[in-house]
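This report describes one protein chain, from its overall make-up to selected local features. Please consult the sequence and structure shown here alongside the text.

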Amino acid sequence: MIKKAELLAPAGNMEKLKEAFHFGADAVYIGGRGFNLRGMSANFADRELKEAVDYAHSLGKKIYVTLNIFAHNQEVNYIPKFIKFLDEIKVDAVIVGDLGIIQQVREHAPNMEIHVSTQANATNWMTVKAYHDMGATRVVLAREMSLHEIKQIKEKVPDMELEVFIHGAMCMAVSGRCLLSNYFTSRDANRGICAQDCRWNYKVIAEGHEETGAHDIVEDEGGTFIFNAKDLCTIEFIDKILEVGVDSLKIEGRMKSIYYNSTVTKQYREALDSYYSGNYKYDPKWLYELQTISHRLYSPGFYFGSTSEFDQNYNTSSSYSQTYQLVANVMEVVDKNKYKIQVRNRMILNEIEIELIRPGQDPVKFRVDKLLNLKTNEYEDIVHPNTIAILETDIEMGEMDLLRVKLPEGVSDSDMDVSETTQANSGFVSSPCDGCEHKG
């Protein structure tokens, strides 16, 4: 029986985790309150980590915990306590990039699976074999790898699982090992609090040097965005990635919204299911749906080898675009044709056509006359964010399904709704150890 590649989704909090599984993820990667590279995500307290593991295992799915900072001396003494805790709650693996932390995992949780982070910059089979000899079970390959190189590594080290990124933001530095944020804002990207300085508009002052063959950097009146990478999207050639024998397909985006996470997971789930059905056929609607979420221009990354700067980076402004907005999520099936929903963005009923997003089916369009606001117990035709309401419709829905609306032409919106902004802010930690429950 053919071994199917795993679809691995991100989750910045428990709601996103449940939505990812609902829309087809086989596994989810999350972070605790310390020692991970998403310091400004809400992240998971210890009790939430245990809840996440128990929930995933009840579904027959997996949880991987990011332990991927590059530790300084002050962190080293605190990490063993966290490792032991993760072992106790039976996480399926930890994602590690620091050699010293790999050693600590082997010492304090010898049976725990280790996945080597993409920031370890594994770009050749000898490096992958070295990590295998250290006891790692999987390597998340550097994002700069081509399909040909990945296939070679799999052939040379067949016993090592290989994981690759298939969708999401790309970093201008090799596998995310960037120092810009630390230099400009004292927020270290390698310790979880990157300010994404690479997205800024830079005015470059440089002169060409004839003796070395160097050239001026091209910019226009708006400056240059040479550091700013396009987003990765592989949906149009996902079959080619599967053919080289990778074991896990990773979606980037622990800081993204549930609409982003659910939509991306849903499209790649459908693509993988089509591939493993034996009758694979690319469906253009997959890419159409991936255009509905907040994203930059898409790029195939390095999968087809080295590319020009224009394939990877912007030479104009790198603003986000999206065509749809999440307006609500289904919380509960109350009765036949009655659903409790949480409103995420303002809804003006009668004036908008709502689309239901469910796993395994195309969007369903419908209209709603009014909603029962459970706080005021009154029917309303305009509802606001964070309203809990009863929606009545003969359209069949399920818990964790999503409702969206099409944005007017030329209008874009933030990918973070009101409730998620609050959660992200509340999760901010100034360093990987501040707020961590394993300091003592």
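The model is predicted. Leaving aside neighbours within four places in sequence, glutamine 104 is in contact with Val76, Ile79, Pro80, Ile83 and Ala109. Glutamine 104 itself belongs to helix 5, which covers residues 99–108.

The relative accessible area of glutamine 104 is 11%, and because this value is under 20%, the residue is classed as buried. A polar atom of its side chain lies 3.0 Å from the backbone oxygen of valine 76. Valine 76 is also one of the residues listed in contact with glutamine 104.

## Overall composition

The protein chain contains 13 helices and 20 strands. Of its 440 residues, 54% are buried.

When contacts between residues at least 6 apart in sequence are considered, 69% of them join residues at least 24 apart.

## Ends of helix 6

Helix 6 spans residues 125–133, and its N-terminal end is capped by asparagine 124. In this cap, a side-chain oxygen of asparagine 124 is placed 3.0 Å from the backbone nitrogen of methionine 126.

Just after helix 6 comes glycine 135, with a positive phi of about 110 degrees.

## Helix 10

Helix 10 runs over residues 258–276 and comprises 19 residues. The distance from its first C-alpha to its last is 26 Å, close to the 27 Å expected at 1.5 Å a residue.

Helix 10 is followed by glycine 278, which has a positive phi near 90 degrees.

The structure holds two cavities of 30 Å³ or more, and the largest cavity has a volume of about 80 Å³.

The largest cavity is lined by Leu141, Ala142, Arg143, Met145, Ile150, Val164, Phe165, Met170, Leu232, Gly301, Phe302 and Tyr303. By class, this lining consists of 10 nonpolar residues, one polar residue and one charged residue.

Technical notes
Residues are numbered from 1 along each chain as its sequence is written. This is a predicted model: local features need pLDDT of at least 70, side-chain atom pairs count only at pLDDT 80 or more; totals for chains, interfaces and linings use all residues. Side-chain values use heavy atoms; hydrogens and water are left out. Helices (H or I, at least four residues) and strands (E, at least two) are DSSP runs, numbered from the N terminus. Buried means under 20% relative accessible area, exposed over 50%, partly exposed in between (1.4 Å probe, protein chains only). A polar contact is a pair of N or O atoms within 3.5 Å; within protein, one must be able to donate a hydrogen and the other to accept it, and residues adjacent in sequence count only if both atoms are side-chain atoms. Contact means heavy atoms within 4.5 Å. On a 1 Å grid over the protein atoms alone, a cavity is a set of points where a 1.4 Å probe fits but cannot get out, and a pocket is an open set with protein on both sides within 12 Å along at least five of seven lines; lining residues have an atom within 4 Å of a point. Grid points are joined across faces, edges and corners, and a volume is the space filled by probe spheres set on the points. Ala, Val, Leu, Ile, Met, Phe, Trp, Tyr, Cys and Pro count as nonpolar, Asp, Glu, Lys and Arg as charged, and the others, Gly among them, as polar. The expected span of a helix is 1.5 Å times one less than its number of residues.
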